[in-house]
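Open the model in your viewer and keep the selection panel at hand. This tour goes stop by stop.

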Amino acid sequence: MNYRSTRNINQEAVSAAQAIKQGLCNDGGLFMPEEIPALTLDDIKALSEKDYAQRAAYILSLFLSDYTYEELLADCSEAYSEKRFKGGAAPLATLNDNTSVLELWHGPTSAFKDMALQIMPRLLSRALTKTGEERTAFILVATSGDTGKAALEGYRDVDKVKITVFYPVDGVSRVQKLQMATQEGENVSVCAVIGNFDDAQNGVKKIFSDKEMANKLNENGYFLSSANSINWGRLAPQIAYYVSAYCDLVAEGKIELGEKMNVCVPTGNFGNIFAAYIAKRMGLPINKFVCASNKNNILTTFLNEGTYDRNREFFTTMSPSMDILISSNLERLLYLLGGSERTASYMKDLAEKGVYTVDADIKAALDAEFAGYYADEAECAETIKNTFKNGYLCDTHTAVAICAAKKYQEHSGDNTHMVVASTASPYKFAADVYASIEPKEFTDDYEALPCLNELSGVGIPEGLATLLSKEIRFEKVIEAADMPKEVLFELGIQ
Ligand SMILES: *Cc1c(COP(=O)(O)O)cnc(C)c1O
């Protein structure tokens, strides 16, 4: 199975290992497999008998044909072990007769990014061997909080990689700061930067485009790489949990083998929902995809009207991981529906004018399979409260999706069994979750953890509960201008 650019089908195809090592295509497009492998009902039946690691290894083996099943199974068994995902990697909870919640946040950082970032570094590490790369990959990340922690946990102690994360000293929550400052692992480092997220991000971008730096790293056996969310190595592992959810629904008797389910996903960069779409293209029986947005509802408008327009106001909400105006992975869907030539022209319009409108055939294809709904801040809070009253505690992102799923079900009358993707533990956003249920002000989000525990009776994830008892390993705060110096220092380069 080879990979090509979403923007030029005629560009040379590369292996999966090369696509994972490279991340982005040379023409700016995203890597896509040349074909979508098939998944039959017999395959699904066979997977039902397997555990999560085996399900994930099987799905990955269909896409990453230059990796052996044994390699993938070894990696998945490590990545999705009981030690890392207590109680299972992707369990289903029941919301009501017609709706299940797919909990994707039982990993080390209590957010769904773990589902991809626990396995992707292992895939990268193998990709370096497979492509004859002798240097060590140096992963550089600027984070506004969650991605940095998930990347640190994913790359820690993985062979042939090192990782440094920069975060804005006043731009992350107390929990996030503690999570990063106490990070364990021999190949990790964390450093705070004076300024906001843009200062940290610009500093990282500068290092990536610094030729002299690249030479210096190269001479010392390193090359720069990113933990970018558009890497195929991050997307492919996400397909597996939709297949797994389907297997579990059949096992629980919620649906019959062959019967369809619906999927509702709280969406930011469009990676998670696109993984579900790939699962359908493979043959997983899925009827509709409900794309859930918060007040930043650019995708709702796009799905309803066919025009993607980023020239709009940006809102900061209580579901910050969905506060996004460019959903990068949407490009992959456009490519599957409209081909590389049109995708390239839409992306050119997006870059130059900030807006594009898809052709009528693409709009019709979207209408057939996708529905877009959003929840504003008040609806999000109300959903948390009502869902809790009915016996389920959810985080702010999941609440947006539960609200959107309900709106879809009411508008369409479609009562196909709905699987709502739950992307974060309620404790990840404890202060907002608590205040949605009962008015209360907190000095910081760490203080909200025991309060939410008392209110709900739901256990605090271990990684968050033990934060204060962990050793602080990283306390350095630097000026943004000193970031290159810090990188060289971390790698022991003069
Ligand atoms: C990243 C993230 C999302 C958005 O997922 P995409 O794949 O970018 O659409 C939703 N919720 C949470 C909690 C996240 O961390």
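How much space lies in the second largest pocket? About 720 Å³. A pocket here is an open set of points on a 1 Å grid over the protein atoms alone, with protein on both sides within 12 Å along at least five of seven lines; lining residues have an atom within 4 Å of a point. Grid points are joined across faces, edges and corners, and a volume is the space filled by probe spheres set on the points.

Before going on, note that this is a predicted model: local features need pLDDT of at least 70, side-chain atom pairs count only at pLDDT 80 or more, and totals for chains, interfaces and linings use all residues. Residues are numbered from 1 along each chain as its sequence is written, and side-chain values use heavy atoms, with hydrogens and water left out.

**Stop 1**

Select Lys-83, Lys-86, Pro-108, Glu-153 and Gly-463. Of the 27 lining residues, these are the closest to the centre of the second largest pocket. Helices (H or I, at least four residues) and strands (E, at least two) are DSSP runs, numbered from the N terminus. α21 gives the most, with 3 residues. Colour the lining by class: 12 charged, 9 polar and 6 nonpolar residues. Asp, Glu, Lys and Arg count as charged; Ala, Val, Leu, Ile, Met, Phe, Trp, Tyr, Cys and Pro as nonpolar; the others, Gly among them, as polar.

**Stop 2: the parallel sheet**

Switch to cartoon. Which strands form the open sheet, and in what order? The order is β8-β5-β6-β7-β15, with parallel pairing. Two strands pair if DSSP finds at least two bridges between them. β8 (222-225) and β15 (477-478) are the edge strands, each pairing on one side only.

Zoom in on β5 and β6: 6 bridges join them. Ala-142 stands opposite Phe-166 in β6. Then move to β7 (188-193), which pairs with β15 over 2 bridges. Pick Val-193; its bridge partner in β15 is Ile-478.

Check β6 for burial: 7 of its 8 residues are buried, so β6 is largely enclosed by the rest of the structure. Buried means under 20% relative accessible area (1.4 Å probe, protein chains only).

Next, show α22 (483-490). This helix lies across β5 (136-142), β6 (161-168), β7 and β15, at about 150 degrees to β6. Axes are lines fitted to C-alpha atoms, for helices over the stretch in contact (heavy atoms within 4.5 Å). Angles run from 0 to 180 degrees between N-to-C directions.

**Stop 3: an enclosed helix**

Select α19 (430-437). This helix is largely enclosed by the rest of the structure, because 6 of its 8 residues are buried. They are Ala-430, Ala-431, Val-433, Tyr-434, Ser-436 and Ile-437. Show the cover too, which includes α17 (377-389), α18 (396-412) and α20 (445-456).

**Stop 4: Asn-262**

Find Asn-262 in β9 (261-266). Is Asn-262 buried or exposed? Buried, with a relative accessible area of 0%. Draw a C-alpha distance to His-417: 5.9 Å, across 155 residues along the chain. Leaving out residues up to four places away in sequence, Asn-262 touches Asn-287, Lys-288, Tyr-408, Asp-414, Thr-416, His-417, Met-418 and Val-419.

Technical notes:
1 Å grid on protein atoms, 1.4 Å probe; cavity = no way out; pocket = protein on both sides within 12 Å on 5 of 7 lines; lining within 4 Å. Buried < 20%, exposed > 50% of the residue type's maximum accessible area, 1.4 Å probe, protein only.
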